[in-house]
Amino acid sequence: MAFVKVSTLPEVQPGWVVKTHVDGHPYALVNDGGVVHCLDGECPCTGGPLGDGALRGGLVVCPWHGWRYDCKSGICAYDDTVKIDVFPVKVDGEDILIDVQRALND
């Protein structure tokens, strides 16, 4: 699978975290100051839905237990040995595309 369209820029405004799915798996789209990032949508704490979380100072906050992850690296703010996958994002016009086959931080 190459890049697939998952959303549009109007649906992911700056400061927003939005959930999306590819083949049934959840992902979190994050617009941090106009730059869109994509993270795995499940928090390692208990599988919390990161796409339903919030963005605070460049960190995605899990809505279930408050764990925080850097939206660029996927590294947990509280324990740098914990990380979630981040995926390539391409913006084509207003379309947001992600490549879920190629995690950037493996």
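Cys43 is buried, at a relative accessible area of 2%, where buried means under 20% relative accessible area, exposed over 50% and partly exposed in between (1.4 Å probe, protein chains only). Cys76 is in no disulfide, and the nearest cysteine sulfur, that of Cys43, is 7.6 Å away; a disulfide is a pair of cysteine sulfur atoms within 2.5 Å. This is a predicted model, in which local features need pLDDT of at least 70 and side-chain atom pairs count only at pLDDT 80 or more, while totals for chains, interfaces and linings use all residues. Residues are numbered from 1 along each chain as its sequence is written, and side-chain values use heavy atoms, with hydrogens and water left out.

**Overall fold**

- The protein chain has zero helices and 10 strands, these being DSSP runs numbered from the N terminus (helices: H or I, at least four residues; strands: E, at least two).
- A compact globule of 106 residues would have a radius of gyration near 13 Å, and the 12 Å of the protein chain agrees with this; the radius is taken over C-alpha atoms, and the globule rule is 2.2 Å times the number of residues to the power 0.38.
- The C-alpha trace spans about 35 × 25 × 20 Å along its principal axes.
- Of the 106 residues in the protein chain, 44% are buried.
- The accessible surface of the protein chain is about 5,400 Å², and carbon and sulfur atoms account for 48% of it; accessible areas come from the Shrake-Rupley method with a 1.4 Å probe, and for residues only the protein chains shown count as cover.
- Among contacts (heavy atoms within 4.5 Å) between residues at least 6 apart in sequence, 38% join residues at least 24 apart.

**Cysteines**

- The disulfide count for the model is zero.
- Cys43 is in no disulfide, and its nearest cysteine sulfur, that of Cys45, is 3.2 Å away.
- Cys76 is also buried, with a relative accessible area of 6%.
- Cys71 is located in the loop between strand 7 (68-70) and strand 8, and is buried at a relative accessible area of 1%.
- Apart from neighbours within four places in sequence, Cys71 is in contact with Val30, Asp32, His37, Leu39, Gly58, Val60 and Val86.
- From C-alpha to C-alpha, Cys71 and Val61 are 9.7 Å apart, with a separation of 10 residues in sequence.

**Aromatic rings and a charge**

- The structure contains one aromatic pair: Tyr27 and Phe87 are arranged edge-to-face, 5.4 Å centre to centre and with 85° between the planes.
- Rings of Phe, Tyr and Trp (its six-membered ring) pair if their centres lie within 6.5 Å; planes under 30 degrees apart count as stacked, over 60 as edge-to-face and the rest as tilted.
- This pair links distant parts of the chain, since Tyr27 is in strand 3 (residues 25-32) and Phe87 in strand 8 (residues 86-87), 60 residues apart.
- Tyr27 and Phe87 are both buried.
- The charged end of Lys90 sits over the ring of Phe3, 4.3 Å from its centre, the criterion being NZ of Lys or CZ of Arg within 6 Å of the ring centre and within 35 degrees of the ring normal.

- His37 belongs to strand 4 (residues 35-40) and counts as buried at 15% relative accessibility.
- Leaving out residues up to four places away in sequence, His37 touches Ala28, Leu29, Val30, Asp32, Cys71, Lys72 and Val89.
- Asp23 lies in the loop between strand 2 (17-22) and strand 3, and counts as exposed at 72% relative accessibility.
- The phi angle of Asp23 is near 50°, a positive value in a residue other than glycine.
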